[in-house]
Amino acid sequence: MAEIMLQIAGRPYPIRCRDGEEAHITHLASMIDQKARQAQQATPGLTEVRALLFAGLFLADELNDLRREAAGRQTRLPLDGDDEPSVRAIEALASRIEKLRDRLAASAPDA
């Protein structure tokens, strides 16, 4: 297991991840950090927990929009045999993002 330090909303979060996933996890953390900073800038004085809550809501909203858009495309366009692996890969990635979000939320200390 690898140990990395994530910086989200100005606070360090040490976490463990599988070897080789460090860059991917760090990239995901930077997405969360960006959304948390947007929340902090829009509403000064937010607690850390609320900034992370809004970051999660922003990301969930984007994911929801993408899923809805993808579902609309699936009903309009029949899947080509070549497209099916891509759809499965996107769904698997969305599932991994949700699991990671849940793990990060569970490991975040209460403010």
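A: We start with burial: a residue counts as buried when its relative accessible area is under 20%, and as exposed when that area is over 50%, with partly exposed in between. This is a predicted model. Ala-9 has a relative accessible area of 16%, so Ala-9 is buried.

Q: Where is Ala-9 found?

A: Ala-9 sits in the loop between β1 (2-8) and β2 (11-17).

Q: Which residues is Ala-9 in contact with, leaving aside neighbours within four places in sequence?

A: With those neighbours set aside, Ala-9 contacts Asp-33, Ala-36, Arg-37 and Gln-40. As for Lys-35, its C-alpha is 8.8 Å from that of Ala-9, and the two residues are 26 apart in sequence.

Q: Is Lys-35 buried or exposed?

A: Lys-35 has 12% relative accessibility and therefore counts as buried. Lys-35 belongs to helix α1 (residues 22-42). Not counting residues up to four places away in sequence, Lys-35 touches Ala-55, Phe-58, Leu-59 and Glu-62.

Q: How is a pair of aromatic rings described?

A: The description uses the distance of the centres and the angle of the planes. In this structure, a search of the whole model finds one aromatic pair. The ring centres of Phe-54 and Phe-58 are 6.4 Å apart and the planes are at 40°, so the pair is tilted.

Q: What separates Phe-54 and Phe-58 along helix α2?

A: About one helical turn, because Phe-54 and Phe-58 are four residues apart in helix α2 (residues 48-76). Phe-54 is partly exposed at 28% relative accessibility, and Phe-58 is partly exposed with a relative accessible area of 31%.

Technical notes
Residues are numbered from 1 along each chain as its sequence is written. This is a predicted model: local features need pLDDT of at least 70, side-chain atom pairs count only at pLDDT 80 or more; totals for chains, interfaces and linings use all residues. Side-chain values use heavy atoms; hydrogens and water are left out. Rings of Phe, Tyr and Trp (its six-membered ring) pair if their centres lie within 6.5 Å; planes under 30 degrees apart count as stacked, over 60 as edge-to-face and the rest as tilted. Helices (H or I, at least four residues) and strands (E, at least two) are DSSP runs, numbered from the N terminus. Buried means under 20% relative accessible area, exposed over 50%, partly exposed in between (1.4 Å probe, protein chains only). Contact means heavy atoms within 4.5 Å.
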